[in-house]
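Welcome, and thanks for taking a look at this one with us. Have the viewer open and follow along, section by section.

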Amino acid sequence: MKKKDEEKYLTAKELNEFFEKFEEQSKIKKGGRNGQVIQYKTLFTLLVMTGIRIGEALALNWSDIDFNKQTLTINKTQVELKRRVDVSSPKTVKSNRVIPITSKYLLELLKEWKVSQKRTEEKFNRENSEYSGIVFYNIAQERRYINSTINYKLEVLCESMGREKFTAHAFRHTFITLLTEYETTKNKLSRYVGHTTKDKTMTDSYTHTSPDYIIEIANKADEIIVPLIQVG
């Protein structure tokens with residue numbers, strides 16, 4: 001990935017426009033909220049609402065999401081080497097984390113996708129597939145998504161919208177940027193997104209913080225980001 005792609009992020013206005021146009025195009029082309037539309041919308045929403053890496057998102061199993069406790073456990077990531085896709089330990093030890101899902105909007109979208117995924121699996125006879133426990137995967141072709149597939153989808157969407165292209169990483173950068181702009185302290189945010197001292201986009205050292213900081217950040221993300229992406 002080129003450096004300029006890694007540094008790309010969406011402003012609040014751009015984020016709102018992207019989700020609005022995505023919703024509009026989905027309704028026109030698909031005649032409503034079909035399975036694939038819900039899956040992509042849920043993935044994009046999860047990325048920008050939590051700041052998790054695309055590899056972490058594609059490695060998620062439904063067992064990593066506790067709807068009762070409203071938490072998301074990040075303990076693995078998807079790695080792609082020479083066309084082979086593996087799931088391994090996260091980028092660093094600090095990348096292992098449990099993120100609270102305080103957003104009702106995100107929770108309901110995840111639940112909607114889980115129900116829709118089951119219907120789609122039944123349609124394609126995938127109920128017993130080895131991939132059926134994965135949150136995001138290509139059901140029709142019965143295989144995992146890879147980063148380039150998601151990035152290509154975003155490229156096609158951006159072209160159809162007549163806007164500058166961006167990759168899935170931009171959602172993570174957007175999350176961090178928007179939260180930083182609203183005075184979320186950087187050391188808290190670094191821990192929340194699983195950054196290390198080597199990550200140059202955030203602080204290069206950590207200080208002690210209250211254990212409540214993750215709730216604080218999740219609530220702030222709900223307050224700031226949901227109004228921008230809850231469209232249609």
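What is the mean pLDDT of the protein, and what percentage of its residues reach 70 or more?

## Confidence in the model

The mean pLDDT of the protein is 85, and 82% of its residues reach 70 or more. Among the elements, strand β1 (residues 65-66) has the highest mean pLDDT, at 98, while helix α1 (residues 3-7) has the lowest, at 51.

Please take some care with residues 200-210, where pLDDT stays under 50. For this stretch the model has 24 contacts beyond four places in sequence. Where pLDDT is low, predicted coordinates should not be read in detail.

## Overall make-up

The protein has nine helices and seven strands. Of its 232 residues, 50% are buried. If you count the contacts with a separation of 6 or more, 62% of them are between residues 24 or more positions apart.

## How α3 meets α7

Two packed helices are described by the angle between their axes and the distance between the axes. Here, helix α3 (residues 35-50) packs against helix α7 (residues 169-181) at an angle of about 35°, and their axes are 7 Å apart. The crossing of α3 past α7 is right-handed.

Which residues make this contact? On the α3 side they are F44, L47, V48, M49 and T50; α7 brings F171, R172, T174 and F175. Sorted by class, the contact of α3 with α7 has six nonpolar residues, two polar ones and one charged one.

## Aromatic rings

The count of aromatic pairs comes to 13. One of them joins F18 and F19 in an edge-to-face arrangement, with 5.5 Å from centre to centre and 85° between the planes. Are these two residues buried or exposed? F18 has a relative accessibility of 1%, which is under the 20% cut-off, so F18 counts as buried. F19 also comes out at 1% relative accessibility and counts as buried.

F18 and F19 belong to one aromatic cluster, together with F22, Y40, F44, Y145, F166 and F171.

## L110 and its partners

L110 is found in helix α5 (residues 104-123). With a relative accessibility of 0%, L110 counts as buried. Which residues does L110 touch, leaving aside neighbours within four places in sequence? The contacts of L110 are with T42, W62, I65, F67 and I101.

W62 is worth a click in the viewer. L110 and W62 are 48 residues apart along the chain, and their C-alpha atoms are separated by 9.7 Å.

## Two positive phi values

Most residues other than glycine have a negative phi. Q70 has a positive phi, near 60°, and is a residue other than glycine. Q70 is found in the loop between β1 and β2 (71-74), and its relative accessible area of 34% makes Q70 partly exposed.

N125 likewise has a positive phi, near 60°. N125 lies in the loop between α5 and β6 (137-138). Is N125 buried or exposed? Its relative accessible area is 64%, over the cut-off of 50%, so N125 counts as exposed.

Methods
Residues numbered from 1 in each chain as written. Predicted model: local features only at pLDDT ≥ 70, side-chain atom pairs only at ≥ 80, totals over all residues. Heavy atoms only, no water. Axes fitted to C-alpha atoms, helices over the stretch in contact; angles between N-to-C directions. Helix = DSSP H or I, 4+ residues; strand = E, 2+ residues; numbered from the N terminus. Left-handed = near helix turned anticlockwise from the far one by under 90°. Contact = heavy atoms within 4.5 Å. Nonpolar A, V, L, I, M, F, W, Y, C, P; charged D, E, K, R; others polar. Phe/Tyr/Trp six-rings, centres within 6.5 Å; stacked < 30°, edge-to-face > 60°. Buried < 20%, exposed > 50% of the residue type's maximum accessible area, 1.4 Å probe, protein only. pLDDT = per-residue confidence, 0-100.
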